[in-house]
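The sequence and structure are shown first, and the description follows.

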Amino acid sequence: MDSKLKPYMLLLPAIIVLLGIFMAGLLSALVQSLGYFPVVGLKKITFEYYLEVFKNQDFLKSLFFSLYISLTSSVAAVIIGVLLAYLIVKSQYKEGIETVLYKLPIIVPHMVAALLIFNILSQSGILPRIFFNLGIIRDQSQFCNLVFDKNGIGIVTTYIWKEIPFVTMVVYTILNNLNKELLEVALNLGAKKWQGFIYVALPLLMPTIGSAFIIIFAFSFGAFEVPYLLGPTYPKALPVLAYTAYTNPDLTNRPYAMVISMILTIVSVILILLYTKFFRLLNDYNR
Amino acid sequence: MKVLQKNTIYLNIIIYSVIILLIFPLAVMFMWSFARSWPWPYLLPQDFGLRGWKYFFNPTSKALFTLFLSVLLSLIVTIVTLVLSIPAAKSLAFYNFRGKAFFEIFILAPLIVPPIAVAMGIHVQFIKLGLADSFLGVVLVHLIPSLPYGIRILTNVFQAIGEKIELQARVLGANWWQAFIFVTLPLIAPGLVSVGSLIFIISFSQYFLTFLIGGGQVVTFPMLLLPYIQSGDRMMAGVFSSVFVLTALLFFIIVEKTIKSHYSSREYFYF
């Protein structure tokens with residue numbers, strides 16, 4: 001085999017699948033969002049649907065709701081996850097049961113995670129029952145509903161619960177293999193422990209933390225199950241809104257669904273680009 | 001010395017409280033699956049029963065059959081993903097070529113682009129090709145969230161091993177498939193197994209892609225489970241969720257045991 005072609009040949013099967021399904025799906029969504037859907041006789045390419053969607057109050061509310069959910073849950077999960085990883089590395093038992101147990105939520109699907117949080121936070125859940133038995137509330141109705149609520153507490157909690165172990169696992173692996181001498185040098189030179197963490201360990205961990213943040217942010221921004229199961233009827237999260245438009249029996253509504261899912265895609269990509277840009281600046285500055 | 005011990009105690013208290021917070025909801029769910037009656041405001045079920053579990057194991061409910069079908073589907077997705085990922089990962093790990101950076105980003109793109117956009121877009125084409133509402137169609141669409149993980153992690157595995165051992169086999173006269181089967185494959189096997197279990201879980205947990213492309217004709221386990229969660233039937237949802245988590249856990253344990261029996265030395269573990 002021609003050695004120049006070999007790397008491409010090895011990549012080919014995977015790339016064909018990605019082109020044939022992923023790229024084709026994305027392009028098809030783009031074309032349909034521009035109003036081309038010949039099955040129901042829509043053949044004119046137009047930006048009309050985009051303009052209409054952007055004028056729609058429901059859409060704008062959903063967009064902010066989705067951004068708020070993903071940002072809040074990802075930031076919280078990253079902070080708690082990193083701290084937990086740091087604490088586990090500092091505690092001496094490295095092969096203990098806790099290093100296995102905390103990983104459990106990783107194999108729990110999001111749908112089940114939603115059920116777990118429902119069992120805890122709903123008005124008949126465990127948390128209000130505990131409050132009642134402690135005498136903090138006297139009646140079920142005194143516990144403000146934390147699922148199906150407009151603040152998305154149930155959704156955010158579910159994502160935090162699910163993503164903490166992921167962040168912890170990724171950061172733990174890197175932290176454990178980190179060059180310990182660097183930290184010791186800092187401590188020898190008179191840095192306090194927290195300073196060692198903030199100024200030595202954290203910068204070295206930043207790339208890992210950053211990519212973990214991107215993955216969980218993008219996932220929660222585009223995921224359907226959790227807001228579908230625990231979200232309020234209004235505002236709906238963006239993926240739920242897209243799906244509602246998609247299942248509209250009037251097929252001439254299809255382009256609206258595609259516009260919403262294209263905006264989901266575009267926002268994710270823009271945020272990732274902004275993030276990498278910011279990150280590069282930060283790196284240059286540190287150097 | 002005493003200060004140090006006190007610190008360790010605080011440290012452990014924090015670690016264990018976080019871990020308990022993470023585990024506690026799972027315990028509550030498991031308890032619900034055995035609850036015959038658990039009214040407000042009791043902290044424990046007032047009466048226990050096996051109605052949900054009996055329903056699950058009853059052949060007429062088809063729950064066990066669906067579970068079996070789901071496991072089969074996810075196994076197929078896992079194998080196809082690995083077969084596609086091994087050459088791709090090798091290419092990215094060992095070769096420098098034009099457009100490499102582009103391919104690396106392109107392969108990770110499905111992690112960033114919401115699957116809902118891809119699935120809704122491809123649905124029309126799948127209907128035209130007869131792939132919608134079919135097992136094959138669902139397998140194909142499950143490849144999209146799986147491939148980025150498969151290729152990315154296997155690239156790291158290949159980089160960790162290096163190319164030299166395989167090249168040595170080639171120099172000593174092995175042809176490419178002998179070198180692959182007898183040298184490379186045993187070397188990457190532990191990595192392959194851990195990526196495999198990750199992909200299995202990804203595919204096993206899919207709801208939206210299966211639901212949209214399968215069109216209700218391909219019924220997987222998450223599709224049986226969702227209506228129970230949605231209707232707030234905590235006992236039945238508890239049973240089905242417990243089965244879900246236990247199946248995934250069992251899969252992990254079996255996989256872990258298999259690697260350990262083959263590779264007693266820990267240096268083979270990359271993750």
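## Helix α6 of chain B

Helix α6 of chain B, residues 135-161, comprises 27 residues and extends 36 Å from its first C-alpha to its last, close to the 39 Å expected at 1.5 Å a residue. The model is a predicted one. Within α6(B), a kink of about 50° lies at Ser146(B), shortly before the proline Pro148(B). After α6(B) comes Gly162(B), a residue with a positive phi, near 85°.

## Packing of α4 and α6 in chain B

The helix α6(B) packs against α4(B) at an angle of about 135°, and their axes are 8 Å apart. Angles from 65 to 115 degrees count as roughly perpendicular and those over 145 as roughly antiparallel; α4(B) and α6(B) are therefore oblique to each other. Their crossing is left-handed. On the side of α4(B), the residues in contact are Ile107(B), Leu108(B), Pro110(B) and Leu111(B). They meet Ile144(B), Pro145(B), Leu147(B), Pro148(B), Ile151(B) and Arg152(B) of α6(B). By class, this contact of α4(B) with α6(B) contains 9 nonpolar residues, no polar residues and 1 charged residue.

The secondary structure of chain B consists of 11 helices and 2 strands. From the N terminus on, its elements run α-β-β-α-α-α-α-α-α-α-α-α-α. Chain A has 13 helices and 0 strands.

| Chain | Extent along the principal axes |
|---|---|
| Chain B | roughly 70 × 70 × 35 Å |
| Chain A | about 75 × 75 × 35 Å |

## Contact between the chains

How many residues of chain B are in contact with chain A? There are 67 such residues in chain B, and they are in contact with 69 residues of chain A. The elements that give two or more residues to this side of chain B include α1 (2-32), α3 (63-94), α4 (100-112) and α6. The element that gives the most is α1(B), with 15 residues. The residues on this side of chain B divide into 56 nonpolar, 9 polar and 2 charged.

One helix pair across the two chains is formed by α1(A), residues 6-33, and α3(B), whose axes come within 8 Å and cross at roughly 135°. The helices α1(A) and α3(B) are therefore oblique to each other, and their crossing is left-handed. From α1(A), the contact is made by Pro7(A), Leu10(A), Leu11(A), Pro13(A), Ala14(A) and Val17(A). From α3(B), the contributing residues are Leu84(B), Ser85(B), Pro87(B), Ala88(B), Lys90(B) and Ser91(B). This contact of α1(A) with α3(B) has 9 nonpolar, 2 polar and 1 charged residues.

## A helix pair within chain A

In chain A, helix α3 (residues 57-90) and helix α10 (residues 193-222) pack at an angle of about 140°, with their axes 9 Å apart. The crossing of α3(A) and α10(A) is right-handed. Among the residues of α3(A) that take part are Ser66(A), Ile69(A), Ser70(A) and Tyr86(A). Those of α10(A) include Phe197(A), Phe213(A), Phe217(A) and Phe221(A). By class, the contact of α3(A) with α10(A) has 12 nonpolar, 5 polar and no charged residues.

Terms used
Residues numbered from 1 in each chain as written. Chains lettered and ligands numbered in written order. Predicted model: local features only at pLDDT ≥ 70, side-chain atom pairs only at ≥ 80, totals over all residues. Helix = DSSP H or I, 4+ residues; strand = E, 2+ residues; numbered from the N terminus. Expected span 1.5 Å × (residues − 1). Bend = angle between axes of the 7 residues up to and from the residue. Contact = placed C-beta atoms within 7 Å. Nonpolar A, V, L, I, M, F, W, Y, C, P; charged D, E, K, R; others polar. Axes fitted to C-alpha atoms, helices over the stretch in contact; angles between N-to-C directions. Parallel < 35°, antiparallel > 145°, perpendicular 65-115°, else oblique. Left-handed = near helix turned anticlockwise from the far one by under 90°.
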